[in-house]
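Morning, everyone. I'd like to walk you through one part of a model today. Please have a look at it first.

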Amino acid sequence: MDGILTDVTVGIKRGSDELSGTILSSSNSTMSSVVVTANGNDSKKFKGDDKMIGAPSRVLHIRKLPSEVMETEVIALGLPFGKVTNILMLKGKNQAFLEMASEEAAITMVNYYTAVTPHLRNQPIYIQYSNHKELKTDNALNQRAQAVLQAVTAVQTASTPLTGTTVSESAVTPAQSPVLRVIIDNMYYPVTLDVLYQIFSKFGPVLKIITFTKNNQFQALLQYSDPMNAQQAKLALDGQNIYNACCTLRIDFSKLVNLNVKYNNDKSRDYTRPDLPSGDGQSSMDPAIAAAFAKESSLLAVPGSLSPLAMPGAAAAAAAAAAGRVAMSGVASANHSVLLVSNLNDEMVTPQSLFTLFGVYGDVQRVKILYNKKDSALVQMTDVNQAQLAMSHLNGQKMYGKIIRVTLSKHQTVQLPREGLDDQGLTKDFTNSPLHRFKKPGSKNFQNIFPPSATLHLSNIPPLTTEENLKILFTNTGGKVKGFKFFQDHKMALLQMCSVEEAIQALIDLHNYDLGENHHLRVSFSKSTI
């Protein structure tokens with residue numbers, strides 16, 4: 001049974017060159033030069049360890065690692081749970097030992113990975129307590145792993161200045177506040193309040209979150225019940241990426257010690273007060289909190305480079321997956337950005353209509369309606385995150401009267417037809433389209449991605465266009481306009497159709513519609529109602 005694991009044990013064998021000089025100290029062993037043998041059958045040879053099987057230890061034994069796995073990927077498994085103090089890779093055995101700074105961190109890690117099977121490079125791996133209480137390694141024989149570990153440690157300690165203390169394996173600064181201030185750098189993909197909750201709640205109960213934009217940066221205030229939880233989260237997460245190679249967390253303590261949340265919505269949440277109103281369109285932050293916050297420094301100090309550790313993409317993805325920090329499960333290690341869309345209305349659907357609808361959630365590169373099955377199509381997004389975002393929002397929605405199904409395709413790219421071959425316009429390349437919404441890194445469009453809704457957000461409206469003009473335009477798409485409201489400057493408006501299906505149809509028909517005066521209408525889904 002995979003869930004019940006047995007640890008490698010200590011033997012007196014010295015036959016392995018790879019492990020010679022490597023010592024694992026066990027609490028019931030006084031041998032000074034014991035060598036690990038990673039033979040699963042050795043447990044009978046060393047009866048002293050039998051009684052310790054399953055007992056918590058800060059040393060963890062990791063099995064069934066992919067043969068090409070890197071040290072950074074193994075270390076990344078432990079980072080979300082606390083400081084990693086040592087590592088031993090047994091590459092010939094596809095195993096590793098990982099030592100955490102505390103037994104508590106190891107217990108948290110084992111508990112988490114018991115519920116959620118960890119994967120490295122698409123392969124499930126198994127984590128259990130080691131029989132040994134301490135991991136000692138001969139640095140000369142384990143140089144690469146030690147160098148990687150030192151680099152990771154340098155990143156963690158560099159981002160946490162300790163005043164008047166000597167940095168040691170268990171050094172912790174007095175936590176000033178249970179409230180953290182979080183800035184997201186390189187926000188190429190949307191980060192929601194729920195994503196932040198998922199990440200930070202691994203370090204303790206999160207009571208309140210307020211998100212906002214300041215200095216054109218997405219920021220958040222996040223309150224724990226205990227300052228020590230805030231300290232642990234800051235140590236583990238500061239400088240980490242939420243998604244592969246982007247959305248970097250910059251974390252510092254806030255001078256505030258309590259947040260007063262007025263509304264529970266997608267911008268703010270008080271998890272202790274589920275009865276709070278949603279207050280759409282209202283400021284989430286109490287005025288007193290806002291005034292106090294304004295006195296804090298406007299930006300966190302951002303170091304010149306992320307870290308001395310050049311973590312490869314696979315390792316960064318593994319780190320995100322290990323922490324459960326990818327909101328869309330499973331995409332961190334997948335390479336597929338192509339979606340299969342089925343149950344389409346084959347008499348109405350076109351590559352352009354799919355480009356427009358799926359383009360709300362990412363930049364569509366290519367679309368192919370299948371020649372022999374015209375109710376199905378392949379849609380290639382820019383990357384896996386955008387593909388997952390589109391799939392999660394559009395699967396089960398109605399398009400041209402039919403409920404569409406959206407799944408990840410096994411294809412890695414959409415092939416263009418051979419030159420000279422007429423495929424009846426079923427395949428279209430949108431790689432260089434000027435209509436991509438997310439080309440510009442850090443675009444505000446990333447912060448305004450919402451599920452399909454009956455209410456549409458209209459922008460780039462010319463000065464002379466009236467409410468009546470727009471109502472007629474949207475009624476002509478086959479639906480009925482239920483509500484309309486101009487923003488104060490009349491360049492933007494909210495328009496509500498009678499159903500989500502009608503709104504989807506209107507968006508497909510009228511996004512980029514030429515309203516004259518060199519203005520092309522921009523249409524997206526809104527979280528608001530009128």
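Let me start with a question: is Asn-518 buried or exposed? Asn-518 is exposed, because its relative accessible area is 72%. For the cut-offs, buried means under 20% relative accessible area, exposed over 50%, and partly exposed in between, with a 1.4 Å probe and protein chains only.

Two notes on the source. This is a predicted model, where local features need pLDDT of at least 70, side-chain atom pairs count only at pLDDT 80 or more, and totals for chains, interfaces and linings use all residues. Residues are numbered from 1 along each chain as its sequence is written, and side-chain values use heavy atoms, with hydrogens and water left out.

Back to Asn-518. Its place is the loop between α11 and β27. Phi of Asn-518 is positive, near 60 degrees, and the residue is not a glycine. Element names follow DSSP runs, numbered from the N terminus: helices are H or I with at least four residues, strands are E with at least two.

Asn-512 is found in the loop between α11 and β27 as well. Asn-512 follows α11. Phi is positive here too, about 70 degrees, although Asn-512 is not a glycine. Asn-512 counts as partly exposed, because its relative accessibility is 29%.

Now the helix before that loop. α11 covers residues 500-510. Which of its residues are buried? They are Ala-503, Ile-504, Gln-505, Ala-506, Leu-507, Ile-508 and Leu-510. What covers them? The cover includes helices α8 (351-358) and α10 (467-475). It also includes strands β20 (398-399), β24 (455-459), β26 (493-497) and β27 (522-525). Contact here means heavy atoms within 4.5 Å.

Next, the sheet. It is open, has 4 strands, and its order is β25-β26-β24-β27. The pairing is antiparallel. Two strands pair if DSSP finds at least two bridges between them. β25 (481-486) and β27 are the edge strands, each pairing on one side only. Neighbouring strands are turned by 25 degrees against each other on average, direction ignored. Axes are lines fitted to C-alpha atoms, for helices over the stretch in contact, and angles run from 0 to 180 degrees between N-to-C directions.

Let's zoom in on β26. How many of its residues are buried? The count is 5 of 5, and the strand is mostly covered. Ala-493, Leu-495 and Met-497 point one way. Leu-494 and Gln-496 point the other way.

β26 pairs with β25 in the antiparallel sense over 5 bridges. Val-481 has Met-497 of β26 as its bridge partner. Phe-484 stands opposite Leu-495 in β26. The hairpin of β25 and β26 has 6 residues between the strands. His-490 in that hairpin takes a positive phi near 65 degrees.

β24 pairs with β26 over 4 bridges, again antiparallel. Leu-458 stands opposite Ala-493 in β26.

What lies across this sheet? α10 lies across β24, β25, β26 and β27. Against β25, α10 runs at about 145 degrees.

One last stop, elsewhere in the chain. His-61 lies in strand β4, residues 59-63. His-61 is buried, because its relative accessible area is 0%. Its side chain makes a polar contact of 2.8 Å with the side chain of Gln-95. A polar contact is a pair of N or O atoms within 3.5 Å; within protein, one must be able to donate a hydrogen and the other to accept it, and residues adjacent in sequence count only if both atoms are side-chain atoms.
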